[in-house]
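Trainee: I have just opened this one and would like to go through it with you. Could we start with a pocket and then move on to the helices?

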Amino acid sequence: MSKVKDLEKEQRSGEELDLQKLLPWMKKYVPTINDQPTVTQFSGGASNWTYRLKFEQDDIILRRAPLGKKAAGAHDMPREFHLQKKLKPHYQYVPEMLAVCEDESVLGSTFYLMERLEGIILRKNLPKEVNWDEATVQKICYSFWDKMIELHQVDYKKEGLEDLGKGEGYIERQILGWNKRYANAKTWNVPSGKKVMKWLEENMPKEEKLCVIHNDFRLDNVVLDPSDPSNVLGVLDWELAAIGDPLMDLGNSLAYWIEDNDTSFAKSMRRQPSNIPGMLTREEIITYYCQKTGREVDDFRFYRVYGLFRLAGIVQQIYYRYSKGYTKNKAFKNFWIASWYLIKTCENVIKQKNV
């Protein structure tokens, strides 16, 4: 059985939780805690900071916003908490929410507590103790994409979830918003991205469909059942969830989906084992999604380019924070190279007839 223990490390310097302030606040909402917890920090997150607090009786995850300047609307922990709490009755894979703190005097930022799900989280490479055959991997892959499709089928109007997002005009807001975010986070050592921005603005689809979208749907954001890895126990990291266009959600996920025949640099960037035998290709995923949802898309380039450019914006925002000293996580030191790669990949996709 593979666990996620290897991703839990000592708290990074400058990112330690102040237990003297935190524990009195926690006891108001989790009265069963009566001892000092073992605190570890997850190394996988590149945006918000995530910790595990292991008490004798309770096992709790804490998610908090990072320090430093933040983009407008980013790292909104109260929104993420309330969104999950409201969605949970309609989508069983959301973890149980415990409490949210909007008082920044406690930890220096907003944060929330949730249940810890025990299971397998896939990262760059499969855990050493896992020995899945190709058929098992394929079953896991289909199950993973089915959970995205299931989310997109939630009737947000019927279930009273309209306030999870602004709704109509989503495509235009995303394109103009990410163009602005990338420009604001640009450092001297990355491309301007102006050609890609212009192409996206000129090729926005005239028609959009709306549904609940996750906006960061990746294998390393799901928890798998150790006894049956094709059984998804939970979907994590709902910070970017919204009411938006489902094909843009798919495009976002495909930006992270690295295949075995991609470049060695792309494979070095991957955060999930999407390149191993049994995993679907990006083209197969698009076909499968369209077949299952009844969508017809003749040219997927806009959604692919959007996903890649948005990822470039995310990467660049993280690198900008590192370059300004707001985080000391050395894993972000060379993120500017990824920005280069992603912008150039956008340009290459644009040149293709269709994807």
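Trainee: Which helices each supply at least two residues of the lining of the second largest pocket?

Mentor: Keep in mind from the start that this is a predicted model. The helices in question are α5, which covers 194–202, and α9, which covers 301–323, and each of them supplies at least two residues of that lining. The largest share comes from α9, which gives three residues.

Trainee: And how much space lies in that second largest pocket?

Mentor: About 300 Å³ of space lies in it. The pocket is lined by 19 residues, and those that lie nearest its centre are Asn203, Pro205, Asp299, Phe302 and Tyr303.

Trainee: How does the lining of the second largest pocket divide by class?

Mentor: Eleven of the lining residues are charged, seven are nonpolar and one is polar.

Trainee: Staying with α9 for a second, is Arg301 buried or exposed?

Mentor: Arg301, which is found in helix α9, has a relative accessibility of 17%, and because buried means under 20%, Arg301 counts as buried.

Trainee: Let's go to α5, then. At what angle do the axes of α4 and α5 cross?

Mentor: The axes of α4, residues 170–185, and α5 cross at roughly 170° and come within 10 Å of each other. Angles over 145 degrees count as roughly antiparallel, and therefore α4 and α5 are described as roughly antiparallel to each other.

Trainee: Which residues make that contact?

Mentor: From α4 the contact is made by Ile175, Leu176, Asn179, Tyr182 and Ala183, while α5 brings Met197, Leu200 and Glu201. By class, the residues of this contact divide into six nonpolar, one polar and one charged.

Trainee: What about Ala185, what does it touch?

Mentor: Ala185 also belongs to helix α4, and, leaving aside its neighbours within four places in sequence, Ala185 is in contact with Gln316, Gln317 and Tyr320. With a relative accessible area of 5%, Ala185 is buried. Its C-alpha atom is separated by 24 Å from that of Gly244, a residue 59 places away along the chain.

Trainee: New topic: how many residues of α6 are buried?

Mentor: Eleven of the eleven residues of α6 are buried, so this helix is largely enclosed by the rest of the structure. The buried residues include Pro246, Leu247, Asp249, Asn252 and Tyr256.

Trainee: What covers the buried residues of α6?

Mentor: The cover includes the helices α3 (134–152), α4, α8 (282–293) and α9, and also the strands β7 (211–213) and β10 (242–244).

Trainee: Take Asn252 from that helix: which residues does it touch?

Mentor: Asn252 lies in α6, which spans residues 246–256, and Asn252 counts as buried at 1% relative accessibility. Not counting residues up to four places away in sequence, Asn252 touches Asn215, Tyr306, Gly307 and Arg310.

Trainee: Where does Asn215 lie?

Mentor: Asn215 lies in the loop between β7 and β8, the latter covering 222–225, and with 5% relative accessibility Asn215 counts as buried. The backbone deserves a look too, for phi of Asn215 is near 75°, a positive value in a residue other than glycine. As background, most residues other than glycine have a negative phi.

Trainee: And what is phi of Asp237 near?

Mentor: Phi of Asp237 is near 60°, again a positive value in a residue other than glycine. The place of Asp237 is in the loop between β9 (228–235) and β10, and at 19% relative accessibility Asp237 counts as buried.

How values were computed:
Residues are numbered from 1 along each chain as its sequence is written. This is a predicted model: local features need pLDDT of at least 70, side-chain atom pairs count only at pLDDT 80 or more; totals for chains, interfaces and linings use all residues. Side-chain values use heavy atoms; hydrogens and water are left out. On a 1 Å grid over the protein atoms alone, a cavity is a set of points where a 1.4 Å probe fits but cannot get out, and a pocket is an open set with protein on both sides within 12 Å along at least five of seven lines; lining residues have an atom within 4 Å of a point. Grid points are joined across faces, edges and corners, and a volume is the space filled by probe spheres set on the points. Helices (H or I, at least four residues) and strands (E, at least two) are DSSP runs, numbered from the N terminus. Ala, Val, Leu, Ile, Met, Phe, Trp, Tyr, Cys and Pro count as nonpolar, Asp, Glu, Lys and Arg as charged, and the others, Gly among them, as polar. Buried means under 20% relative accessible area, exposed over 50%, partly exposed in between (1.4 Å probe, protein chains only). Contact means heavy atoms within 4.5 Å. Axes are lines fitted to C-alpha atoms, for helices over the stretch in contact, and angles run from 0 to 180 degrees between N-to-C directions. Angles under 35 degrees count as roughly parallel, over 145 as roughly antiparallel, 65 to 115 as roughly perpendicular and the rest as oblique.
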